[in-house]
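Subject: Structure handover

Hello,

The sequence and structure follow below. My notes on them come after.

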Amino acid sequence: MKRLLAIVAGATLLGACAVTTQQEVQMGQNYSSQLNAQLALIQDPEANRYLNVLGDSIARLADQRNLTWHFYLVDDSAINAFALPGGYIYVNRGLIEKAPHMDELAGVLGHEIGHVTKRHTAKTIQKEQGATVGIVGLCVVLGNCNDPLTSKAIDIGASAVFAKFSRQDESEADAEGVKNVVRAGIDPRGMRDMFQTLLAERKARPGVVDAWFASHPMEEDRIAHVDALIAQVNPAVLATLTKDSPRYDAFRARVMALPHVKKPAASGGAN
Ligand SMILES: [Zn+2]
């Protein structure tokens, strides 16, 4: 934690100087190890293997910096996914349950990968300079806002890493998401379908999508924007893209059947 704070502070002091990829990866690594100690991670090797193979197949072609990507499954019924800088991506079980087709999960992964490859968090840190950034309560991500011990476990220094993405970042991540999945041979319409599910859930069960909307600003106009991006894909190519796979069906059935993971005990502090 101290080392991370030093990196963030260093990046702030450097002012206009860029956060290097090395710093970005270090930051992601530090936060990831802290989060992993607090999240109820699904450890099932087969389910994790599938998620990482799918994630890597999308990230590999999108990433110019040769990052090592890590995809984690979180046993949380909230429909959410999020990315840490440097290539750490988390997907909740709740999102997989609401994604009956492979291209829907792939679309969300493509979007999160876009936040990482476009360095949205690193750029926020560069710009921050003491300015107020919209902060996503970390307890929203951890799903433990009612737990006074764990909700305070990571706070200071997380601000930039858990900054709320701007609308411009979202729009860029959508554009990257479409390109990323198409490059990987996957139908980008799944991303649009997943966004529709998120918007519908916000009306029906707002609590389960709070964390998603807290970090990824999104309104109905996002769907039209994504449709416009998809309309730019060559229809002949679009027709060849994969929407589903038996392996995805097996993965999803497996995830849905796994017993719930016990949340790690509250540490009371991350230092
Ligand atoms: Zn986003």
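Of the 271 residues in the protein, 46% are buried (20 or more other C-beta atoms within 10 Å of a residue's own, with C-beta atoms placed from the backbone). This is a predicted model, in which local features need pLDDT of at least 70 and side-chain atom pairs count only at pLDDT 80 or more, while totals for chains, interfaces and linings use all residues. Residues are numbered from 1 along each chain as its sequence is written.

There are 14 helices and 3 strands (DSSP runs numbered from the N terminus: H or I of at least four residues, E of at least two). Among contacts with a separation of 6 or more, 76% join residues 24 or more positions apart (a contact being C-beta atoms within 7 Å).

Helix H2 (residues 21-36) spans 22 Å from first C-alpha to last over its 16 residues, close to the 22 Å expected at 1.5 Å a residue (1.5 Å times one less than the number of residues). Its buried residues include Met 27, Tyr 31 and Leu 35, along with Glu 24.

Helices H3 (residues 45-62) and H5 (residues 102-117) pack at about 40 degrees, their axes 10 Å apart (axes are lines fitted to C-alpha atoms over the stretch in contact, and angles run from 0 to 180 degrees between N-to-C directions). On the H3 side, Leu 54, Gly 55, Ile 58, Ala 59 and Ala 62 meet Ala 106, Leu 109, Gly 110, Ile 113 and Thr 117 of H5. The residues of this contact divide into 7 nonpolar, 3 polar and no charged (Gly counts as polar).

Regards

Note on methods. A residue is buried if 20 or more other C-beta atoms lie within 10 Å of its own, exposed if 12 or fewer, and partly exposed in between; C-beta atoms are placed from the backbone. Two residues are in contact if their C-beta atoms, placed from the backbone, lie within 7 Å.
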